Amino acid sequence: RLRAAEPGSRRGAQDMPLCTGHCGDRRRAVRRCHLAVPFRVVSVHDRLLRPQLHRAVVGRTQEKSQPDVSAAAASRGENARAGAEHARQKEAGMRKLIALLCALGVAVLSAGCSGGSIYSNYRDIAELMIVQTLGFDSMPDGGVTVSVSAEGSSGAGSEDGSKKPERLSASAASLTEAQDELQHYSGGLQLFFGHTAYFILGADVLNTDTARFFDCIERDTAFRLSIPVYAVSSGSASEIILGAGDEERDATKLMHALTQELRLRGNMHVYTAAEIISAMDVNGAALICAVAAAPADATDPDAGEGEMAVVPDGYTIIYKNKACGRIPAELARGVSLILNEAGPMTVSVGNAALQIDKADCDIEPVFGDGLEGLTFNIKINASLAEVNGGFDPDELAAGLEDKVRALAEGVLELEKSTGCDFLHLGSALEMRHPVRLRGAAENLALVLPDLDMRVCVSARLDRSFKLDLKETGP
């Protein structure tokens with residue numbers, strides 16, 4: 001019953017364009033008129049019908065877009081029931097796991113330490129002989145001698161509770177066989193090398209070949225590369241391990257006291273196995289702290305007859321796995337001064353004792369057509385430790401410079417004469433001039449004899465407590 005107005009007809013207050021054409025069915029006509037025909041161009045009857053048609057169209061549209069509330073509610077209910085069931089199953093699984101862990105803990109705790117350990121390689125400490133110092137010696141027929149010093153706390157104590165060190169030595173064709181041979185003399189205790197604290201190499205080892213011993217140290221899982229290595233300047237390692245100390249103090253305690261003293265005073269550097277192996281890998285040269293056996297009664301009046309002590313004896317120079325020279329004990333401090341490792345060492349100058357607080361060495365290369373020389377600039381800061389009578393600070397500083405210069409020149413002379421860069425000056429130069437001195441770390445030894453080495457020392461007394469009066473002692 002809707003009528004389409006003619007274009008241009010006036011049925012209200014204004015002229016409006018009208019929709020034209022014929023609508024095929026009623027629904028299409030209603031939608032077209034509802035959306036396109038202005039409100040004022042239809043009859044009164046159509047005006048009353050339009051709101052009803054609008055409500056019908058909107059209702060059908062909302063009915064199509066409205067979801068099924070009942071189906072969604074049913075789906076949510078099923079999901080909730082499934083989630084609750086999963087939570088109950090998970091809680092039951094956690095209870096079973098906690099019960100299993102509690103049962104395992106009770107089983108472990110109730111087993112104790114007597115054969116019920118969960119470790120397959122468990123060993124009671126009372127059945128172990130814990131080796132702390134290990135010595136190597138070479139035999140004329142190519143065999144080796146292994147000597148050990150073990151702590152008495154490993155179970156080797158006497159019945160009254162006193163702890164006595166154990167000393168053993170055995171010889172065989174190889175290091176492994178010698179270690180196995182030691183087991184026959186352990187009194188039923190199993191040798192344990194995991195706590196080895198010191199290695200000692202005999203003089204015969206240094207004069208023949210040290211490669212097999214360092215190779216054993218690297219391969220054996222019981223040894224650590226951070227263990228200090230000492231070389232016997234004259235004699236064998238077994239003499240020190242078996243003869244040093246007394247019934248209460250063994251070689252381990254003596255070596256421990258010696259190591260602490262050297263590190264505290266800074267007179268010598270105690271090289272570890274890792275440092276020695278790394279140094280030989282660079283240019284084949286390395287230093288090993290040397291020790292010697294000395295009669296203990298020379299310094300200890302209470303020492304027993306024949307008791308031996310262990311004293312520092314400079315350095316042994318190793319080149320291509322063999323000893324090629326020695327740095328005597330009186331020049332050992334020169335190595336620390338050149339390598340910037342000097343500690344609070346004491347130097348006697350005239351009637352005073354000076355303590356070196358700080359030492360700094362700077363190496364300057366001298367170039368011409370190539371590398372022609374090296375200049376070592378050493379700066380010393382010292383303090384007055386002791387004086388007998390009057391003194392002049394300038395004279396003491398000059399005397400200290402002469403002492404330090406003599407130490408450094410003595411070490412550098414050995415560096416040139418041996419033909420090996422055991423101080424590793426080439427590495428320091430190559431790091432400072434990586435382009436111009438490339439390869440100096442490995443090849444500096446080839447030009448060492450031709451280099452001109454100069455040592456310049458400047459010393460200063462930082463603490464003289466204003467005792468700078470030039471007085472004459474009584």
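**Notebook: strands, a helix and the core**

I began with strand β1 (residues 128-138): 11 of its 11 residues are buried, so β1 is largely enclosed by the rest of the structure. I take buried as under 20% relative accessible area, exposed as over 50% and partly exposed as in between, with a 1.4 Å probe and protein chains only. Strands (E, at least two residues) and helices (H or I, at least four) are DSSP runs, numbered from the N terminus.

I note that this is a predicted model, in which local features need pLDDT of at least 70 and side-chain atom pairs count only at pLDDT 80 or more, while totals for chains, interfaces and linings use all residues. Residues are numbered from 1 along each chain as its sequence is written, and side-chain values use heavy atoms, with hydrogens and water left out.

**Partners of β1**

I looked up which strands pair with β1, where a pair requires that DSSP finds at least two bridges between two strands.
- With strand β2 (residues 144-150), β1 runs antiparallel over seven bridges. I found S149 of β2 as the bridge partner of T133. Five residues separate β1 and β2 in their hairpin, and G142 in the turn has a positive phi of about 95°.
- With strand β4 (residues 190-192), β1 runs parallel, joined by three bridges. Here L191 of β4 stands opposite M129.
- With strand β5 (residues 198-201), the sense is parallel and there are four bridges. F199 in β5 is the bridge partner of L134.

I turned next to strand β10 (residues 346-349). Its covered face holds V347 and V349, and its uncovered face T346 and S348. β10 is antiparallel to strand β11 (residues 352-367), with four bridges between them. V349 has A352 of β11 as its bridge partner. The hairpin leaves two residues between the strands, and G350 takes a positive phi near 60°.

I checked the length of helix α11 (residues 393-418). The expected span of a helix is 1.5 Å times one less than its number of residues. For the 26 residues of α11 this gives 38 Å, and the end C-alpha atoms are 38 Å apart, which agrees. G419 follows α11 and has a positive phi, near 75°.

I then looked at the largest nonpolar core, which has 104 residues. Such a core is a set of buried Ala, Val, Leu, Ile, Met, Phe, Trp, Tyr and Cys residues joined through side-chain atoms within 4.5 Å. The residues with the most contacts inside the core are L201, I288, F376, I380, L400, F422 and L425. α11 gives the most to this core, with seven residues.

**I288 and T316**

I listed contacts, meaning heavy atoms within 4.5 Å. Leaving aside neighbours within four places in sequence, I288 is in contact with residues including L201, F214, Y230, I276, Y315 and T316. T316 lies in strand β8 (residues 308-319) and is buried, at a relative accessible area of 4%. Not counting residues up to four places away in sequence, T316 touches L206, A231, A286, L287, I288, A290, A323 and G325.

**Totals**

I logged 13 helices and 13 strands for the protein. Of its 474 residues, 39% count as buried. Among contacts with a separation of 6 or more, 66% are between residues 24 or more positions apart. The accessible surface comes to about 27,000 Å², and 52% of that belongs to carbon and sulfur atoms. Areas come from the Shrake-Rupley method with a 1.4 Å probe; for residues, only the protein chains shown count as cover.
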